[in-house]
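Student: I have a structure to look at and would like to learn how to read it. Where should I start?

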Amino acid sequence: MNPAAYAQLIDAARSRTPRSYSDVAGRINLNLRSPADRNTLSGILEDISTYEHSEGRPLLSAVVLLTSGLPGEGYFKLARRLGCFGPGEQDTLFHESELERVFQHWER
């Protein structure tokens, strides 16, 4: 897991201030214009949320958003793979709920 990215996501959760993918990438010296760096960031975020899920916590990467206000498709694929939500549930409703769970967990 990338400690700098993990700390950045925890800070975002504690401050209840989501981050953009470009902000997270820039702070860990990744360039989102590079397909390799985009894949690296995706892997880092997946590792963080997989770890958080294994510890019984909400998916921390919920704090990383596109300009649409939602995470990327990889976030939802991971959530489905981990059994956090299934077919028929709306991505936006799941994310809204999960983001609030992240905020509540990390404000403690």
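This is a predicted model: local features need pLDDT of at least 70, side-chain atom pairs count only at pLDDT 80 or more; totals for chains, interfaces and linings use all residues.

Tutor: Start with the elements of the chain.

Student: How many helices and strands are there in the chain, and how do the elements run from the N terminus on?

Tutor: The chain has five helices and two strands. Starting at the N terminus, their order is α-β-α-α-β-α-α.

Student: What does the radius of gyration say about the chain?

Tutor: The radius of gyration is 13 Å, and the globule rule gives 13 Å for 108 residues, so the chain is as compact as a globular protein of that length. Along the principal axes, the C-alpha atoms fill a box of roughly 35 × 30 × 25 Å.

Student: Next, the helix packing. What describes two packed helices?

Tutor: The angle between their axes and the distance between the axes describe them. Take helix H1, residues 3–14, and helix H5, residues 91–107: they pack at about 95 degrees, and their axes are 8 Å apart. Angles of 65 to 115 degrees count as roughly perpendicular, and H1 and H5 are therefore roughly perpendicular to each other.

Student: Which residues make the contact of H1 with H5?

Tutor: H1 contributes Tyr 6, Ile 10, Ala 12, Ala 13 and Arg 14, while H5 contributes Val 102, Phe 103 and Trp 106. By class, seven of these residues are nonpolar, none is polar and one is charged.

Student: At what angle do the axes of H4 and H5 cross?

Tutor: They cross at roughly 80 degrees and come within 11 Å. That makes H4 roughly perpendicular to H5. On the H4 side the contact has Glu 73, Tyr 75, Phe 76, Ala 79 and Arg 80, and these meet Asp 91, Phe 94, His 95 and Glu 98 of H5. This contact has four nonpolar, one polar and four charged residues.

Student: Now the largest pocket. How much space lies in it, and which residues lie nearest its centre?

Tutor: The space in the largest pocket is about 320 Å³. Its lining has 16 residues, and Tyr 21, Ser 42, Leu 45, Gly 74 and Tyr 75 lie nearest the centre.

Student: Which helices each supply at least two residues of that lining?

Tutor: Helix H3 (35–54) and helix H4 (73–81) do. H4 gives the largest share, six residues.

Student: What classes do the lining residues of the largest pocket fall into?

Tutor: Seven are nonpolar, four are polar and five are charged.

How values were computed
Residues are numbered from 1 along each chain as its sequence is written. Side-chain values use heavy atoms; hydrogens and water are left out. Axes are lines fitted to C-alpha atoms, for helices over the stretch in contact, and angles run from 0 to 180 degrees between N-to-C directions. Helices (H or I, at least four residues) and strands (E, at least two) are DSSP runs, numbered from the N terminus. Angles under 35 degrees count as roughly parallel, over 145 as roughly antiparallel, 65 to 115 as roughly perpendicular and the rest as oblique. Contact means heavy atoms within 4.5 Å. Ala, Val, Leu, Ile, Met, Phe, Trp, Tyr, Cys and Pro count as nonpolar, Asp, Glu, Lys and Arg as charged, and the others, Gly among them, as polar. On a 1 Å grid over the protein atoms alone, a cavity is a set of points where a 1.4 Å probe fits but cannot get out, and a pocket is an open set with protein on both sides within 12 Å along at least five of seven lines; lining residues have an atom within 4 Å of a point. Grid points are joined across faces, edges and corners, and a volume is the space filled by probe spheres set on the points. The radius of gyration is taken over C-alpha atoms; the globule rule is 2.2 Å times the number of residues to the power 0.38.
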